[in-house]
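User: I am new to this structure and would like to know what lies behind the words used for it. Please set each value against its definition.

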Amino acid sequence: MMVKTPAALFGLAAGLLAACPSSAAPARDPSGTWLTEDERARIRVEKCGPTQENLCGYVVWMKPQEGEDPSAKRDSKNPDPRKRNRPVLGHQLMMGLTLNDEGRYVGKIYNNEDGKSYDVTVWSEQPGTLNVRGCLIAFLCSTQIWTRTNSVLPGQLAGATGTPGGPTPDPEWASRPPVTPASAAPAQRREQPRPKP
């Protein structure tokens with residue numbers, strides 16, 4: 001009996017996938033507040049970016065652990081020294097995910113427990129659930145099912161993102177007011193030389 005090597009198996013799988021016609025599924029909007037599968041946190045997911053086409057996620061509630069105050073916990077393992085003193089409650093963990101051809105959002109998710117970012121795919125097949133698939137490497141992935149929640153618990157951040165009482169976006173994903181002609185700085189006029197009399 002011949003044993004196929006991993007490379008051969010991946011090649012075979014790629015060939016089968018190429019032979020199957022792909023149909024792009026319409027994307028269901030995953031915006032909302034979601035309770036994680038382990039029920040330790042609530043994540044607010046919403047559109048973000050300059051054209052509101054990306055998807056961002058923020059920690060808006062954490063389950064207290066044995067007398068621990070969630071609001072006092074800091075992002076101490078962040079690789080960016082400037083972020084190590086920021087609160088874990090309210091930080092951004094989904095970084096501007098983009099919509100792919102399959103109607104799913106893909107990009108990076110940050111894990112404050114180890115200070116690392118992982119590949120993530122997010123999609124919703126039913127209004128009340130959100131599928132979150134994280135991958136350490138291409139073939140080492142697991143999927144969690146998050147549940148939509150509309151209630152507000154004590155200690156949950158309920159304010160709008162980027163405002164007092166709400167989560168804090170990373171600077172590159174913070175909402176910016178649109179520039180309108182009225183708010184734009186007027187262009188300086190050059191003085192034309194006057195004709196000599």
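Analyst: The torsion about the S-S bond of C135 and C141 is about 110°, so this disulfide is right-handed. The model is predicted: local features need pLDDT of at least 70 and side-chain atom pairs count only at pLDDT 80 or more, while totals for chains, interfaces and linings use all residues. Residues are numbered from 1 along each chain as its sequence is written, and side-chain values use heavy atoms, leaving out hydrogens and water.

User: What makes C135 and C141 a disulfide?

Analyst: A disulfide is a pair of cysteine sulfur atoms within 2.5 Å. The sulfur atoms of C135 and C141 are 2.0 Å apart, so the pair counts as a disulfide.

User: Which other cysteines are joined by a disulfide?

Analyst: C48 is joined to C56, with an S to S distance of 2.1 Å. The torsion about their S-S bond is about 75°, so this disulfide is also right-handed. C48 is buried at 3%, and C56 is buried at 0%. The structure holds 2 disulfides, and the pairing in sequence order is 1-2, 3-4.

User: How do you know that N131 is buried?

Analyst: The relative accessible area of N131 is 8%, under the 20% limit, so N131 is buried.

Key:
Buried means under 20% relative accessible area, exposed over 50%, partly exposed in between (1.4 Å probe, protein chains only).
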